[in-house]
Amino acid sequence: MDDLEEGFEPKIVGFLCRWCSYAGADLAGTSRIKYPPNINPIRVNCSGRVDPTLVIKALASGADGVLIAGCHPGDCHYTSGNIKTLRRFKLLQKLLDQFGIERERVRLEWVSASEGERYARVVRRMTEDIRSLGPLNWKKRVEVLA
Amino acid sequence: MKRVGVFVCHCGLNIAGNVNIKEVVDKASKQQDVVFAVDHKYLCSEPGQTLIKDSIRQHNLDAIVVAACSPAMHEATFKTIAQLSGLNRYNCEIANIREQSSWVHEDLGKATAKAHITVHQGIQKVRLNEPLQPITVPVTRKVLVIGGGIAGIRAALDVANGGYQVYLVEKSGTIGGRMAQLSETFPTLDCSTCILGPLMVEVFRHPNIKLLRLSKVEEVKGYIGNFKVRVRQEPAYVDEVNCNACGECAKACPAQVPNEFDFGLTWRKAIYTPFAQAVPPAYVLDANNCLGLLPQACGECKKACDKFGTSCIDLDAWPRTHELEVGAIIVSTGYELYDATKLTEYGYGIFPDVMTSMEFERMLSASGPTTGEIKRPSDGQTPKEIVFIQCAGQREPETALPYCSKICCMYTARHAMMFRHKVPEGQAYVFYMDIRAGGKGYEEFVKRCQEEKGLLYLRGRVAKVYEEDGKLIVKGVDTLSGKTVQINADLVVLAVGMVPSSESHNLASKLKASLDANGFFSEAHPKLRPLESPTAGIFLAGAGQSPKDIPETVAQASGAAGKALDLLSSPTLEREPTVAHVVGELCSGCSMCIPLCPYDALSLSSEKLAEVSEALCEGCGTCIASCPSGALTLRNLTDEQMVAMIEAIVE
Amino acid sequence: MQSYLYFPGCSLRTVARDFDRSAKACAHALGFELKEMQGQLCCGAVLSNVDDNLMTKAGPNRILARATQEDHTLVTLCAGCYNVLKRTGLHAKLASSSQQKINTFNEETFNGEVDVIHFLEILRDRIGFDAVERAVKAPFKGLHVGAYYGCLLLRPSGEMKFDDPNRPSILENLLSRLGCTPIDYPARTDCCGSYLSISSPGNIQPISGAIIRSARSCGAKLLTVSCPLCKYNLESSQLLESNGSVPDDFLPIVYFTQLLGLALGLHPQELELDQRQMLAIRETPTLLIGGGKK
C-alpha cells in the first residue's frame, strides 16, 4: 500500500462468541496476558450470528480488519453454528478477493474458553499483519462513485 | 428516547489502575441519550448497588450501562438490581472494561481510549433494546422414562415418589435390563437379582408409575415442559393382569428359539417369560417366532391356558398406540455388547469355547444355562485352564472401539474369583493392559483377586487364539517379564466393550437429542452438566450416556430424576426471551433458514411464512445471518444494534 | 490388450525370476499385460517404514514419482514391494511438509498420485475370480495347498486394507477356483522371520519351522506364497533342521502364480517349476520316500 501513515494504528472489529472465544478473551484478561488494544470485541451468542454483510459493513465503515472468533468445530454450544460460520466465511473470502481486499484483513479463528494465550497471539499477529498492510481506505479502494 | 445512566466501576485499582475513570465518565455523559454518568469504587458491593438503585430513581433512568468487569461475572447481579429498581432487566447492558481492557493493554491512554469505545458500544445497544418479558410455557407435570434397566427403574421411582406420574417405556417384555442378567455384582458379590428384584416390584406396584412393556417411542413432538410422545406397544397376547405365570402355555408350545436372555446359550419357547423374576410377572408371546398368528397355525398355548390356567391368552390382540403428554423425558436406554465376531484374532464365533463376558456371566448364574456350573460349550466338560482377555476390542482406535468401558477390569476379577471358587483345581489367567479399579472398595477387591492362588495376572496382550487338539492355544505376551506366553486353555473369555443400545440412533433423531462420536447420548457439558442433553427437557441416566458401573448409574438416575422434579416443580417455565423473531411482512417464505436450526425451532406456517417456536429457540442467531430479506431478527441483538456497535467502534 | 504398469522389484529380477516369469505368463493367458516401468530402482524393502528417517523414504518415493509419469496404477507381486510402495503412497498423500522435503531432495515430485495394487487385486477386482475360473483349463483335483500370507500383505491393516488381517481369504478363494482344497492352519499369518535369515539365521528355524509344522500337521502338501523372502525362509528352515539335506517330508513352496499358471494350462517349464514341486503338485502318495506320517 502506498500511503502508509506515520504510526498507523489498525482498527479491528471482533465478533466473539460468548461461550468460547469471549470467555477465552476474558481468560487472557484474568491471566493478565498483554495484547494490542486495536481490537474491539462485540459479544454474540454464536459465531453463526455473524452475517457476512456485517463484516462488509464494518470494513466499509472504517475498520481495517475483522476477526470472527468461534468455538472449535465439534464444541459449538449450539451444536453446529460455527460450521455454518465457516461456510459463510469461505464465500466471504471470495467476495473480498473480488473487491481486491487482502484476505489477511478478515479472519476466522477458533478460540476455546481455555485458550487465553491463543486469543492474545491471534490478536497480536493480526494487528501486526494489518499494520504492515496499511489502512484499508475503503472509500478510495472500493467505493465506486455512482 | 431513552434516559440512559452510565455507571463506571473502579474495581479498586483493577480498572482504575490502568484506565482514566474520570475521563470515561466525562465522555460517557456527553453521549446521546445519556442523562447521568457516575463512577464508584466497587459497583457490585452493597453501597455500589444502592448507588445504582438510587440513581435510577433520582434521575428517572429507564436504561443503564454498567462499565465494569466481564458480563460473565456480574451481569445477572446488575440485571436484577435494575429489575428491582423498576426497570425491565433487558434494559441493562454491561461494558467489559476490565478483562478486555484494563487488564490486557499496557498503555493507560490506549486502555482508556478502548474503554470509551466499549462504553459507547454498550450505550448504543441499550438504546435499542426492547423491554422483553421472559417467555412462559406451561409444564405438563408428568415424566417419560425410556428404558427399564436399573437407571430407568431408579429414575422412575424417584420421580414417582416425588409425587408425579411416570410412564416407564421398555422395549422388552420385562424391566430389569442388564443387571437382571448378572449373577453377582462387584465388589460385594451381592446376588444381582436379590438387590434388583425388590426395586422392580416397587415399580410394578407404584401407583404413580405406568409400566409399558414391549413398547417403543414412535414420535416426539413439542418442547421442554410440553412433549407429546407417541408410543407403540406390541401385544403380548397375554393379559398382564390375569396371567399367574403357571407356565402351562410354554409347556404346550412347540416352537423353540434361542433365548436372548442367555445370549443364545439356551432355548426358550415362543411363549415365554424372560426370566423367573420378570416384571410384569406375565408371559409374553413372541409373535416373530410363533408358528403363525395370522392365520392361527397352532393355538396350543391358548388351549393349555384355557384348560389349566386362567384363560388369559388372546391370540387376536393388536398393537396399541399411547399418546403421552409429559414435561420431561429421561433417557436410560443402556448398552449392548460390541460384536465380538469382529475380533478375528480371538476366533469368537468360530471356536465354540471362546465366549464373551456376558455369556460367561450367564453361565455363572444359578438361573443360567448350566445352573451355575462352569462348562465348556464344545463338550460340556469342566474347564481347568481358563484365560480372560481384558480390553477385547477396546482402547484400540485403529481397529475397534477407542474408549475404555470402565467395568471390565472389575467384572473380570469377579469372574476369575468365581471360577476359582467353583473349580478349585482350576487355573485362571487374566491378560490385562492396565487395571482400572477406581470405585469404593474396588482396588481392595482386585488386590484380593490378584493374590488369589490359582489366578495369574499377566500384563500383556493376546495376539492370537486358535484351536489345536481340542484346546485353545492362546498366544500372548507378559511384558513385565519380557517373555512371550503360550497357554493351552480350555476356555477363553473376552471382556468386550459396551456400546450404546441399537435403538439409540433412531431414538436420538426422534428426540432431537445429540449423540457423541461413539453413539452415546451427549451431555450438555462433560464436567458440569452430565445429566442433561443439550436439548432442553431431556435428561440422561446410565450407560446410555457413557459406560459406567451400577453405583454411578444409580447416582446419575437419581440426579436426572432430581432435574426432572426441578422442572416439574412449578406449573410454568420461564425461558430467555432473546430469541429469533420473524417479521411476517418481510418474509418471502424462501425457507433458507429452516434447515439451519439445530433445534428445529423454525418451520413454515400455514401461510407458508417462516415461524419461530419461541420455546424451542435457544437464541444462537445462525438463522438471522442467513435471511436474505432481513425478515429474521434476534431480539436485543438485531442487525440495527450490531451496526450501531460497529459504528461506535470505527468512529 | 489391457496393460498394467508393473514394478517387479529386485528379487523378481534375480533369485525369484520364476515368480516374475510365471506372473507374466499368467497375465498373457488371462488377456492382459504387465509392462515394466521405466527408471526402476530398489524400493529399500522394509527399511523405509521402520522409522522417521526421511532418507530411507527417498528411494520408494522416487519409484512412485517415475511411475506417475506413465500411469495412475502400479502393480506389484512381491509382498515386500507392495507393502513399501503402498504405504509410501499413503504417507505422501497425508504428510505434506516431510513430503515436500523428500520431493525437493529427489528433484522428482510425488504427492500420492499413484495407486499401488497387488496382482491378486487385478485378479479379484478387475478381472474377477469368476472369469479366472472360466479360463481354467486343467483344474487341480483337490490339491491340499496351504496359503501363506506372512505379514507384509496384510499389516498394518489400517493402511494395507488388503484383506482381514487375522482371517484373510483372498488366496484361498483363488485357490478353490483353481480346483485346490485350501488348508486352514493357524500359522498362515504369522511372520516368517523376514531379514533375520541374514542377520541371525539361527533364529529363522524356530519361527519358520513352526509355520511349516503347523501347515503340515493340518494336511498341507505344499505352501503357496507371494514373497521371495518368505519362500526362502520357509525352505531354508526345513533344510537347516535336517542339516542342509532335503528332508523326507519336505514341504515345497511355490508362488501362487505358478499354481495359477498350471491351472490355466501352461507348461511347468514355462512356469519354472522344479521336479520336487511338481511331485508335490501331482500328489504322488507320500509312501514314496521313507513313508513319513501325514
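User: What are the ground rules here?

Analyst: This is a predicted model, so local features need pLDDT of at least 70 and side-chain atom pairs count only at pLDDT 80 or more, while totals for chains, interfaces and linings use all residues. Residues are numbered from 1 along each chain as its sequence is written, chains are lettered from A, and side-chain values use heavy atoms, with hydrogens and water left out.

User: What makes B:Glu647 and A:Lys57 a salt bridge?

Analyst: The rule wants a side-chain nitrogen of Lys or Arg within 4 Å of a carboxyl oxygen of Asp or Glu. For B:Glu647 and A:Lys57 the N to O distance is 3.7 Å, so the pair passes. Across the interface of chain A and chain B the rule finds four salt bridges.

User: Which elements of chain A touch chain B?

Analyst: Those giving two or more residues are strand 1 (12–17), helix 1 (21–30), strand 2 (39–44), helix 2 (52–61) and helix 3 (81–99). Helices here are DSSP runs of H or I with at least four residues, and strands are E runs of at least two, numbered from the N terminus.

User: How many residues are in the contact?

Analyst: Chain A gives 45 and chain B gives 38, with contact meaning heavy atoms within 4.5 Å. The two chains bury about 3,500 Å² between them, 58% of it on carbon and sulfur atoms; buried area is the accessible area (1.4 Å probe) lost on being put together, summed over both parts.

User: What about A:Glu9 and A:Arg131?

Analyst: Their closest N and O atoms are 3.3 Å apart, which makes a salt bridge. The pair links distant parts of the chain, 122 residues apart: A:Glu9 lies in the segment before strand 1, and A:Arg131 in helix 4 (residues 116–133). A:Glu9 is at 38%, so it is partly exposed, and A:Arg131 at 25% is partly exposed too.

User: Which residues are linked in a network of salt bridges?

Analyst: B:Asp353, B:Arg376, B:Asp379, B:Lys471 and B:Asp490. Over all chains, the count comes to 69 salt bridges.

Methods
Buried < 20%, exposed > 50% of the residue type's maximum accessible area, 1.4 Å probe, protein only.
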